[in-house]
Amino acid sequence: MGRNRQTRHGWSRRTFLRRAGAAGLAATALPLAGCGDGAGSGGSPFNHGVASGDPLTDRVILWTRITPPAGMEGDVPGTVTLAEDPALTVNPRTLAVTAEAARDWTVKLDATGLAAGHTYYFRFSALGFESITGRTRTAPANTDRLRLAVVSCSNYPAGFFNAYRFIAERADLDAVLHLGDYLYESGGQGNVGRAHQPAAEILTLADYRMRHAQYKADPDLMAAHRQHPWITVWDDHESTNNSRRDSAGNHTEGDEGIWQIRKAWAQQAYDEWMPIRLPEPGNPNRIWRHFRFGQLLDLWMLDTRLFDRDDELGIGDPGNFAPDRRLIGPAQRDWLLSGLETTEATWKVVGQQVMFGQLKATPLPDLGIPVAALADLPIPLFASGEGLTDLYANPDQWDGYQAERTAIFNHLADRNIDNFVVLTGDIHSSWVMDLTPDPENLLQYNALTGSGSLGVEYVATSVTSSGFDQLENAPQLANVLRLLNPHMQYVEVTRKGYLLLDITEAETVGEYWYVSTIAEPGGSEAFATGYATARGARHVTRLPRNRPTVPRDNPPPLAP
């Protein structure tokens, strides 16, 4: 199972990746502790670590899971102690919590009454045992600098989560942003000795809960969760491949149940197992929400998948330009546009799933690239023989929902909104680009100076998920894509890791850090390149001397 089916219109994002040399999302496994099967080694019920998330100035979500002893069916009482030092001795307070059986014995507490921009440490207790100590941080009421790690697409059987380990070791981060595909729904077998549990594609509430439990038991993911607050949003694989409002590419109605029920189960498990604060309590259908970090940054986390997405259409389908076509939908779009217009923050940042900027696979007239050479590249446009017309390569992205993107572009231009930054995951590769309505229109946009750009986009590579890296001529493909898309300043399609954002009043810097391996635990990480957008500039430039930014001095200590 774990099929990468095309949509009913014959196209999907996975089709694009597969035709570009992507291997299927196969899987293998490690033993899974917990999931209602009794407490783990030594009897401790804290098999899945601790986590925190959705920091506001006065509160943050604290999370754990209490695995009940074999045979226990009821709720499990416990406590969490929160303090200002790793030993939990400075201004400690202890709060009662309950691991409810109806919520798979997960615990989620919105700890309130906290100081803004402050680091806290916490530890859960239950059934006579204590959890590991966690570390979290509230959002600042005022700040002149933020450091954020940005990640996406962490497929367990595809490799080891080494990027998470290096993120855990960065003591000066304010938060981690996960842009989706936190887990994968597929079954199958991988090649690094890590298999999904359950072994088959997940379909039921019990399946989704077990898969979340397996990911949370990974030591590198556990380390990153315990050291930093996370702000997350789902993509498609948290439910199934190419999921949307009314259907999914990887769902056979009837044989695999009813889509609306399966989607609801996936959303319920996500709410239970992730340190997320729902904007509308009891309504897991809405996770798009807003965060403020003083006057420096406003962050909008969008849902481009489950809330109001129409089905994908094919390459060249005129329906991609229909004025009523939905990716985020009117309610979410109006909320975003209103926020962009009224915010007083310097930087307006959007965290979301699929590439916002244009991705074309047609050559410009003056490139001189022979058609025969392009036809050998695994780009779906040429593989399908549709000819050299002005077509977008992947309608699963905003390219397939042109009207909503145009509405955002028009809003930015009409309201003269600057310092607009889009953060993206999904495509398992790294991209940096200017955002402009028509990159090929020399009267609107100058690729050499960035004039005419309305914002910038940083696309984070995957933690492990495969894609273009399976292609022998991947560097050639990256070079061709750069040539065909003049607004793109950086394209790297093979390496895994994370994006580090360093944000000040003067500029936002995006740094690409890659791990040396995902084939085994450990390895090393290295800075590859960085791009900055200066306040008011609306376009990206490569960092001078291409050196990383300097970490903060004397950050609060990591949890022991």
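# Exercises on a predicted protein chain

The chain exposes about 19,000 Å², of which carbon and sulfur atoms supply 52%; accessible areas come from the Shrake-Rupley method with a 1.4 Å probe, and for residues only the protein chains shown count as cover. The model is predicted, so local features need pLDDT of at least 70 and side-chain atom pairs count only at pLDDT 80 or more, while totals for chains, interfaces and linings use all residues. Residues are numbered from 1 along each chain as its sequence is written, and side-chain values use heavy atoms, with hydrogens and water left out.

## Exercise 1. The chain as a whole

Task: state how many helices and strands the chain has, and what share of its residues is buried.

Solution. Step one: helices (H or I, at least four residues) and strands (E, at least two) are DSSP runs, numbered from the N terminus. The chain has 10 helices and 22 strands.

Step two: buried means under 20% relative accessible area, exposed over 50%, and partly exposed in between (1.4 Å probe, protein chains only). Of the 560 residues, 62% count as buried.

Step three: contact means heavy atoms within 4.5 Å. Among contacts with a separation of 6 or more, 73% come from residues 24 or more positions apart.

## Exercise 2. The sheet of 10 strands

Task: give the strand order of the open sheet of 10 strands, and explain why one side of β5 and of β22 has no neighbour in the sheet.

Solution. Step one: two strands pair if DSSP finds at least two bridges between them. The order is β5-β2-β1-β11-β10-β9-β19-β20-β21-β22, with mixed pairing.

Step two: β5 (106-111) and β22 (541-542) stand at the edges with a single partner strand each, so one side of each lacks a neighbour in the sheet.

Step three: β1 (residues 50-53) and β2 (residues 60-65) run antiparallel and are joined by 4 bridges; the bridge partner of V50 in β2 is T64.

Step four: β9 (residues 145-151) and β10 pair in the parallel sense over 4 bridges, and V151 stands opposite H178 in β10. Strand β10 (residues 175-178) is covered on both faces, with A175 and L177 buried on one side and V176 and H178 buried on the other.

## Exercise 3. The sheet of 7 strands

Task: describe the open sheet of 7 strands and the helix α6 that lies across part of it.

Solution. Step one: the order is β12-β13-β14-β15-β17-β16-β18, and the pairing is mixed. The edge strands, β12 (289-293) and β18 (488-492), each pair on one side only.

Step two: β12 pairs with β13 (residues 297-301) in the antiparallel sense over 5 bridges, and R292 has D298 in β13 as its bridge partner.

Step three: axes are lines fitted to C-alpha atoms, for helices over the stretch in contact, and angles run from 0 to 180 degrees between N-to-C directions. Helix α6 (residues 329-342) lies across β12, β13, β14 (347-351) and β15 (420-424), running at about 175° to β13.

Step four: G319 is placed in the loop between β13 and α6. G319 and G400 are 81 residues apart in sequence and 8.4 Å apart in space, C-alpha to C-alpha.

## Exercise 4. Two packed helices

Task: determine at what angle α3 and α5 pack.

Solution. Helix α3 (residues 205-216) and helix α5 (residues 259-273) pack at an angle of about 35°, with axes 9 Å apart. The residues that meet include L205 and Y208 in α3 and W265 and A266 in α5.
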